[in-house]
Amino acid sequence: MSRSVVILTGEASGDLYGADLAQSLRARFPDLALHGVGGARMQAAGVHLIADSRAWGAIGVMESVKVAPKVLLAFQQVKRFLRRARPDLVVPIDFGAFNVPLSCWAKAHGMRVAYYIPPGGWRRERQGADLPRCTDCVLTPFEWSAAQLTAMGAHAHWTPHPLLRLARPSEPKEAFCERLGIDPYRPIVALLPGSRRHEARALTPLYARVADQLYRTMPEAQFVISVAPHFSPDWINALWADGSKQWVPTETRSVWNLLAHADAAIVCSGTATLEAALLGAPMLIVYRGDWLMNLEYRLRRRRLNLRWIGLPNLILQRDVCPEFIQEAASPEALTHALLPLLHDAAAREAQLQAFHEIRQALGDGRDLREAHEWLAEWLEKVGE
């Protein structure tokens, strides 16, 4: 019999996980109808997009207001589709501001909802209060998240984080360096300015100034800047030129090759920090926006009471990777902090040891069922 699944994502990381899920389920059920909200990866995996979320990524109130009209329009489109299609399973992935209310609506209208990677699952002190009532089950890559949600009344399961499988380089270091025109025997610093437009606009010139400063004391260093798939390399190059006249290669392919072969990295806070940890790239974690975001951060930071913003630090609940937020992210401060990651074996080893702990915390080496195995089991029961 035919089955149908709707996968709902809102950011680049969710698009990656949604595509992975779609491919696994399609391999198990060749006739499976897949619809959803996502981007290029999900579309390439055979998901028919109800709405395209590539331009939705935003941090903070100011940036969220800019994308709100698109998101609200898509919210109504998805509700109309769900009402008409009545899928066998709705699978929201992260992106709580959109997916939690939509999950509650779908559950109230008799649909089965399996929330994959719940928003804020990395938090150890609390989980989403609405998740037990608006889901049939929750699949989370954090053991403490599964325990808390179960105690709250949800049917929660701990599953391995998908990046444990997915984050792998696809080419050896020699081929990678040859392709980008860099020397495999000289230090390589990966620069990740983020997948949201406002992040790249703020961080790319900053990274350029860091590169200029480091060249003065370490001329053998090589920088490579990652370009998100939905950005133009010409745009990134123009932003880079605001901070430096030095040429650097741009990596437009998988960031996993860059992180796997880099000696150190400067990474915009987000999922990329976890990718860097899993690929063994000692890093600095940075977040800096425009003056409006800086003002918002100054006004809200006391109420937010955030000890850390980077996933490696949040997962282990300690200072693993140095963090530089807003005004603290100056070229001088980043250059000073980057040098030990390139020269100090003890500083590098401390991060690498912590990265091993992160793998274990995400389920590496544990006898856990993958999320797609749980979902396939439930789909098997459709119609029984």
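Trainee: What are the ground rules for the model?

Mentor: It is predicted: local features need pLDDT of at least 70, side-chain atom pairs count only at pLDDT 80 or more, and totals for chains, interfaces and linings use all residues. Residues are numbered from 1 along each chain as its sequence is written, and side-chain values use heavy atoms, with hydrogens and water left out.

Trainee: What makes Tyr-215 and Phe-223 an aromatic pair, and why is it called edge-to-face?

Mentor: Rings of Phe, Tyr and Trp (its six-membered ring) pair if their centres lie within 6.5 Å; planes under 30 degrees apart count as stacked, over 60 as edge-to-face and the rest as tilted. Here the centres are 5.4 Å apart and the planes make 85 degrees. The whole structure has six aromatic pairs.

Trainee: Are Tyr-215 and Phe-223 buried or exposed?

Mentor: Buried means under 20% relative accessible area, exposed over 50%, partly exposed in between (1.4 Å probe, protein chains only). Tyr-215 has 17%, so it is buried. Phe-223 has 2%, so it is buried too.

Trainee: Which residues do ring pairs link into a cluster?

Mentor: Phe-75, Phe-95 and Phe-98.

Trainee: How do you know that the charge of Arg-124 sits over the ring of Trp-144?

Mentor: The rule wants NZ of Lys or CZ of Arg within 6 Å of the ring centre and within 35 degrees of the ring normal. The charged end of Arg-124 is 3.7 Å from the centre of the Trp-144 ring. That distance is within the cut-off. Arg-369 likewise lies over the face of Trp-374, at 4.5 Å from the ring centre.

Trainee: What makes the contact of Asp-20 with Arg-165 a salt bridge?

Mentor: A salt bridge is a side-chain nitrogen of Lys or Arg within 4 Å of a carboxyl oxygen of Asp or Glu. The closest N and O atoms of Asp-20 and Arg-165 are 2.6 Å apart, so the pair qualifies. Asp-20 lies in helix 1 (residues 12-28) and Arg-165 in helix 6 (residues 163-166), so the bridge ties together parts 145 residues apart in sequence. Helices (H or I, at least four residues) and strands (E, at least two) are DSSP runs, numbered from the N terminus. Asp-20 is buried at 9% relative accessibility, while Arg-165 is partly exposed at 32%.

Trainee: How many salt bridges does the rule give?

Mentor: The count is 16. Among them, Arg-369 meets Glu-377 at 3.0 Å, N to O. Arg-369 is partly exposed at 32%, and Glu-377 is partly exposed at 27%. Arg-3, Arg-28 and Glu-380 are linked in a network of salt bridges.

Trainee: Why do strand 5 and strand 7 count as edges?

Mentor: Two strands pair if DSSP finds at least two bridges between them. The open sheet has three strands in the order 5-6-7, with parallel pairing. Strand 5 (114-116) and strand 7 (156-158) each have a single partner strand, so one side of each lacks a neighbour in the sheet.

Trainee: What makes Arg-86 worth a look?

Mentor: Its phi is near 50 degrees, a positive value in a residue other than glycine. Most residues other than glycine have a negative phi. Arg-86 sits in the loop between helix 3 (60-85) and strand 4 (89-92). At 41% relative accessible area, Arg-86 is partly exposed.
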